[in-house]
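Good morning, and thank you for the time.

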Amino acid sequence: GVFQCQKLTLYYCEHGGSSQAVRDFLSSGQLIQWARDRPTVEIKVKVRNGAHPYVKADYLTGIQNEKRPHAHQICLKSNSARSPQVDAVLDQLYNRSGRK
């Protein structure tokens, strides 16, 4: 089948503690390997200083009359109790149909 996820955009802060897991993921090179394993999806990384990190996914699936793709986003905020598994969140968005 055709994967519906067309683009993933990762937003993070260069300094904030809530973006630590995302910065660690980026500096480890894991994003590069993740992207190599999934060549059908476009990956963008954008700095948003002073804001919590999140990933936004754009999908093929959507309302036909809309010019924008259907999108979902998930917060990637780190705190003392837990740190998100960034690759698991990317997989979750990548494997979705985009409908719900």
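Is S78 buried or exposed? S78 is buried, with a relative accessible area of 9%; buried here means under 20% relative accessible area, exposed over 50%, and partly exposed in between, with a 1.4 Å probe and protein chains only.

Before I continue, a word on the source. This is a predicted model, in which local features need pLDDT of at least 70 and side-chain atom pairs count only at pLDDT 80 or more, while totals for chains, interfaces and linings use all residues. Residues are numbered from 1 along each chain as its sequence is written, and side-chain values use heavy atoms, with hydrogens and water left out.

To return to S78, this residue is found in the loop between strand 4 and helix 3. Helices (H or I, at least four residues) and strands (E, at least two) are DSSP runs, numbered from the N terminus. Leaving aside residues up to four places away in sequence, S78 touches G17, S18, Q20, A21, S83 and P84, where contact means heavy atoms within 4.5 Å.

Four strands form an open sheet in the order 2-1-3-4, with mixed pairing; two strands pair if DSSP finds at least two bridges between them. At the edges are strand 2 (42–47) and strand 4, each of which pairs on one side only. From one strand to the next, the twist averages 15°. Six bridges join strand 1 and strand 2 in the parallel sense, and L8 stands opposite I43 in strand 2.

Now to the helices. Helix 1 lies across strand 1 and strand 2 and runs at about 115° to strand 1. Axes are lines fitted to C-alpha atoms, for helices over the stretch in contact, and angles run from 0 to 180 degrees between N-to-C directions. Helix 3 also packs on the sheet, touching strand 1, strand 3 and strand 4, and its direction makes about 15° with that of strand 3.

How do the two helices meet? The axes of helix 1 and helix 3 come within 10 Å and cross at roughly 85°. Helix 1 and helix 3 are therefore roughly perpendicular to each other, a term that covers 65 to 115 degrees, with under 35 counted as roughly parallel, over 145 as roughly antiparallel and the rest as oblique. In this contact, A21, V22 and F25 of helix 1 meet V86, D87 and L90 of helix 3.

V22 is buried, with a relative accessible area of 0%. Not counting residues up to four places away in sequence, V22 touches L10, Y12, P53, L76 and V86. V22 and Y54 are 32 residues apart in sequence, yet their C-alpha atoms are 8.9 Å apart in space.

Which residues of helix 3 are buried? In helix 3 (residues 86–95), they are V86, V89, L90, L93 and Y94. These residues cover an arc of only 135° around the axis, which puts them on the same side of helix 3; the arc is that of the directions from the helix axis to the C-beta atoms. Their cover includes strand 1 (5–12), helix 1 (20–27), helix 2 (30–37), strand 3 (54–59) and strand 4 (70–75).

Finally, R38 lies in the loop between helix 2 and strand 2. R38 is buried, with a relative accessible area of 16%. R38 touches D91 and Y94, residues up to four places away in sequence not being counted. The C-alpha atoms of R38 and Y94 are separated by 9.0 Å, although the two are 56 residues apart along the chain.
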